[in-house]
Amino acid sequence: MAAISQSGFSQSGFSQSDHPRSDDSEADRPLEGSVRLDLYRTMVLIRTYEERIRQEYHADKTPGFDIGAGKIPGEMHLAAGQEPVAAGVCPHLRPSDALTATHRPHHLAIAHGVDLARMTAEIFGREGGLGHGRGGHMHLFDPAVHFSCSGIIAEGLPPALGQAFAFRQRGTDSVAVAVTGEGAANQGAFHESLNLAALWKLPVVFVVEDNDWGISVDRGASTAVADNSPRAAANAMPGVRIEDNDVEAVYRAARQAVERARAGEGPSLIEVHTLRLWGHFEGDPQTYRSDLETVEERDPIPRYRRLLLEAGVLDEASAERIAADAAAEVDRAVEFALASPEPDPATASAYVFA
Amino acid sequence: MTVVEEPASKAAPPPPRRLTMAKAMVEGIAAEMERDPSVFYLGEDVGAYGGIFSSTTGLLERFGPERVLDTPISETAFMGLATGAAVEGMRPIVELMFADFFGVCMDQIYNHMAKIHFESGGNVKVPVVLTSAVGGGYSDGAQHSQCLWGTFAHLPGMKVVIPSTPADAKGLMISAIRDDNPVIYLFHKGAMGLAWMTKTRRALGEVPPEPYETPIGKAAVVRSGRDVTVVTVSLSVHYALDVADELATDGIDVEVLDLRSLVPLDRDAIVESVGRTGRLVVVDEDYQSFGMSAEVMATVAERDPSLFAVPPVRVAVPDVPIPYARALEQTVLPTPERIRSAVRQVMG
């Protein structure tokens, strides 16, 4: 691919020359009502899930907070506020497409169709979990939908390249989406991966979730550029930044990037300015956080709900039904997890080798 | 399946084929690439150059750039690419030019390649072969001379194989490629039979032309002896055999056990041999502390310390980076001289 033009960074995402199939006016037309409802439904399911996990996580850690105690032990990184990324990207993916996520993976797993019951059992450390309790919430693997995640910043990107390589080598049009945070854009693995993906024209979409914070360090204090999308240009691929955590803009940009990858035209990068609604991990006091006051008003879900109500796409009754369906689905997943046995200590050494 | 062209059969069978370890290794790779289209090779300078240490000579010409890929100098990216491709059912062979370079990509190796099977509760397999050159002896300094097999062996989830002979180089390569686990395959530069490096007379060896597997996790008694067991791997096997030949003239009968793999470790073979000789010398070109030499001794001590007729002795790199100056490097490496004196020490 030739070096991209400035138009590659237009707000609509990608230049016409990069995407001969895309229609100029498409970006201005509202999405179909059914698509918008799906985006909303996915975001609600994710939020319902994260709220429930948060509740279960803290339920038996009192009095005092002991990170290793309770039915969900260990670190817990929840993705509330980042729903627009998962909800906007994943509708363009098939179960045969790969998705690699980060230490904060639940929203992406849910939106990509990971088995919710087994994922929940894994988070609860149960034998019925995706990894029979060996992985935990940062290490979820569901080969049925080619989903994986890594707890190491930026290190989920290189394996996504390999999945994309395998898809192409096999003659399929499957793609791999590699999601990472804005902090990861300062890692060597990020830059190596962008270069190699572009060099070999691999069917990859890089998605950067910019939630402003690398634990306690804000983007301005860690990153020389105000926006990571120009870093795509440094590696000869289109890059776009979505402002305002806008789920529909994510949806449109992801459609183009996924189509481009599927068509064999190479990788793209999408950065989404999203929101970390809660702490880096549960128990994070967030005393460092200078933007706490405005967090609630930036919550993307009430905002999208208002938008859809005003547009007449959603009404109060269907909103309630969506919420109730989500709660029921999450209930079923948690019930499955709690009914699953703890792994037998006698099997602690299992699964090291195939 | 034929991997080399044999002349039409005549009255007398051809003499045994002798290959260098490098050629035997390539023959094993080529055989599997012929058999299995999911096998491919990637790394730095593995294409037109044929591998800096001749690990891929001729593969590009034979299999093309789709399956023999020169990578950018981005070890993290291409190591992870190998893992991701393996997760999707391919069988990548990924070369890390020097084992010493593991520092720039170790996260992909030990946190991803090695752990995904475990973390997934056995639901995801990662059949990668990671090939890498190890060893010193030619004044390449502290960053290009290490063996480091103890480091890989210490971290769970990777098999670690270390051929010392051409025949094992081929058979272990085929076994490694067919294995469903990550296998670290470490070849010693000094044992490859390279024209541009001092080599032992044992660098050439007979190699059967047909594909075959050498089982991973089985040590080989490469020389039987009654008096003392030398347990070792890689180039040191050749030195141990040289020393054994010399000492035989003094009436010392040395058994040499080539471990061939550290993970799995053939503990039974170690204990069985020491059980017969009562004397153990461990020769390890890796660093001495917290490594292979201690593991071998612990294996005997845990099973039956009474097997030791005398305290065991180890010949390893004292815990110092490999020095550049020739005299210094030869002092810290497990040279035949050091092995000889260790054997004499345990013989009293």
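## Domain interface in chain B

In this predicted model, 30 residues of domain 1 of chain B are in contact with 28 residues of domain 2 of chain B. Domain 1 covers residues 18–206 and domain 2 covers residues 220–347. Taken over C-alpha atoms, the centres of the two domains lie 25 Å apart.

The size of an interface is often expressed as the accessible area lost when the parts come together. Between domain 1 and domain 2 of chain B, about 2400 Å² is buried, and carbon and sulfur atoms give 54% of that area. On the domain 1 side, Ser139(B), Trp149(B) and Arg202(B) lose the most area to domain 2, together 24% of what that side buries.

Polar and charged pairs also occur across this interface. Between the two domains of chain B, 22 residue pairs are in polar contact, with both residues at pLDDT 80 or more. The rule finds five salt bridges across the interface. A salt bridge joins the side chains of Asp242(B) and Arg201(B), with an N to O distance of 3.4 Å.

By residue class, the side of domain 1 of chain B that touches domain 2 divides into 13 nonpolar, 13 polar and four charged residues.

How values were computed: Residues are numbered from 1 along each chain as its sequence is written. Chains are lettered from A and ligands numbered from 1 in the order in which they are written. This is a predicted model: local features need pLDDT of at least 70, side-chain atom pairs count only at pLDDT 80 or more; totals for chains, interfaces and linings use all residues. Side-chain values use heavy atoms; hydrogens and water are left out. Domain bounds come from an automatic or database domain assignment. Contact means heavy atoms within 4.5 Å. Buried area is the accessible area (1.4 Å probe) that two parts lose on being put together, summed over both. A salt bridge is a side-chain nitrogen of Lys or Arg within 4 Å of a carboxyl oxygen of Asp or Glu. A polar contact is a pair of N or O atoms within 3.5 Å; within protein, one must be able to donate a hydrogen and the other to accept it, and residues adjacent in sequence count only if both atoms are side-chain atoms. Ala, Val, Leu, Ile, Met, Phe, Trp, Tyr, Cys and Pro count as nonpolar, Asp, Glu, Lys and Arg as charged, and the others, Gly among them, as polar.
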